[in-house]
Amino acid sequence: MQVKCICLTWLARADLSNLNSGEGSGNLTELKTYDRGRKPYVSGQATRTALFETMARSHPEHFKCTAELPCADVENCWGCDLRGYLATEEGVGGDRRWSPLKVSPGMGQIPAEIVTDLLTRASVVQKEGKESKDNRIAHVQLTENIYKFSLVIDTANVGRVQVPKIEGKGNKQRFAGWDTAVDISPEQRIERINAVLDAVFNLSGFAKQARASASMAPEVILISLQPTYNQRGIKALELNAEGEVNLQKLQSMIEEHKAMGCDVLFGHTPGVVANDQQLVELLEKQNIEIMPVYAAFNKAKNMLAAGV
Ligand SMILES: [Zn+2]
């Protein structure tokens with residue numbers, strides 16, 4: 001199959017974490033919440049940033065600029081290619097680019113009590129040659145939850161830029177199709193997509209993680225390799241208040257994916273969702289192999305390489 005799209009939806013547990021909290025009033029750091037304040041979430045922006053930081057840590061040589069000052073070199077800079085940009089100067093790839101990666105916010109799935117924790121930050125401050133102690137108290141809202149994330153990779157547009165071809169002059173101008181301005185080789189494209197998949201597998205790099213030490217790397221994941229670009233799979237793996245996967249929704253997603261000619265892979269860690277037994281039974285009935293998470297990623301990479 002020529003893979004046009006890879007859709008990943010995953011669950012990650014976070015213990016009393018405080019990922020991507022907004023700045024509240026005074027010393028209170030508030031969690032971002034939805035569903036009338038009962039569930040926490042991690043913004044899509046924070047998730048994207050974490051994803052690119054994780055990727056850049058493994059491949060610093062391919063990130064040629066910062067997001068604030070894009071170099072617009074889609075052919076050589078993974079940052080500009082995958083992040084997209086709005087540049088002040090026109091590069092080979094034009095002055096703007098939409099990211100081929102669509103990242104969802106991380107949505108806490110379970111209504112949970114939000115705990116306020118008290119942290120004391122003691123530091124020694126040097127001021128005009130004198131040392132003084134600075135004790136600060138910070139309240140940090142913490143919560144435990146299972147987060148659902150999704151990422152859709154528009155694989156055909158990784159390392160590829162198309163620009164409109166305009167013919168004629170003045171009011172005789174007309175659109176004459178698309179010119180390909182940048183098109184990296186299939187091998188380079190696979191290398192970049194593999195780096196994205198590795199970054200999801202290793203996902204870390206959230207701003208607050210230095211203190212909270214939580215990983216958003218997948219523990220349960222559904223990966224679909226698709227011959228058509230769409231974002232239809234991202235609703236799979238929704239949990240109810242008891243932490244059970246919505247099996248009906250999952251079954252209809254899997255059946256739809258198969259009918260559309262997608263390959264569906266499932267990576268599993270036991271004990272993350274409450275209805276594990278029924279989940280496993282459903283997948284077996286659907287003839288979907290249940291693999292450890294790393295094996296599902298490896299298989300996705302092998303299938304991607306075989307499709308070229
Ligand atoms: Zn760049």
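Helix 1 and helix 3 come out roughly perpendicular to each other, so I started there (65 to 115 degrees counts as roughly perpendicular, under 35 as roughly parallel, over 145 as roughly antiparallel, and the rest as oblique). This is a predicted model, where local features need pLDDT of at least 70, side-chain atom pairs count only at pLDDT 80 or more, and totals for chains, interfaces and linings use all residues. Residues are numbered from 1 along each chain as its sequence is written, and side-chain values use heavy atoms, with hydrogens and water left out.

**Helix 1 with helix 3.** I looked up the angle between helix 1 (residues 44-58) and helix 3 (residues 186-201): about 110°, with the axes 9 Å apart. Axes are lines fitted to C-alpha atoms, for helices over the stretch in contact, and angles run from 0 to 180 degrees between N-to-C directions. Helices here are DSSP runs of H or I, at least four residues, numbered from the N terminus. I noted the crossing of helix 1 and helix 3 as right-handed (the near helix is turned clockwise from the far one by less than a right angle). Helix 1 brings Leu 51, Thr 54 and Met 55 to the contact, and helix 3 brings Ala 195, Val 196, Ala 199 and Val 200 (contact means heavy atoms within 4.5 Å). I sorted the residues of this contact into 6 nonpolar, 1 polar and no charged. Ala, Val, Leu, Ile, Met, Phe, Trp, Tyr, Cys and Pro count as nonpolar, Asp, Glu, Lys and Arg as charged, and the others, Gly among them, as polar.

**Helix 3 with helix 7.** Next I checked helix 3 against helix 7 (residues 293-306) and found about 170°, with axes 11 Å apart. Helix 3 and helix 7 are therefore roughly antiparallel. Their contact includes Ile 190 and Asp 198 of helix 3 and Phe 297 and Lys 301 of helix 7. I got 10 nonpolar, 1 polar and 2 charged residues there.

**The zinc ion.** Which residues hold the protein donors of the zinc ion? I found Cys 65, Cys 71, Cys 77 and Cys 80, each through SG, at 2.2 to 2.3 Å (donors are N, O and S atoms within 2.8 Å of the metal, or 3.2 Å for Na, K and Ca). The site is tetrahedral, with angles of 99 to 115° among its 4 donor atoms (four donors count as tetrahedral if all angles lie between 85 and 135 degrees). I wrote down the donor spacing in sequence as C-x5-C-x5-C-x2-C.

Notes
Helix = DSSP H or I, 4+ residues; strand = E, 2+ residues; numbered from the N terminus. Tetrahedral: all angles 85-135°; square planar, octahedral: opposite > 155°, others 65-115°.
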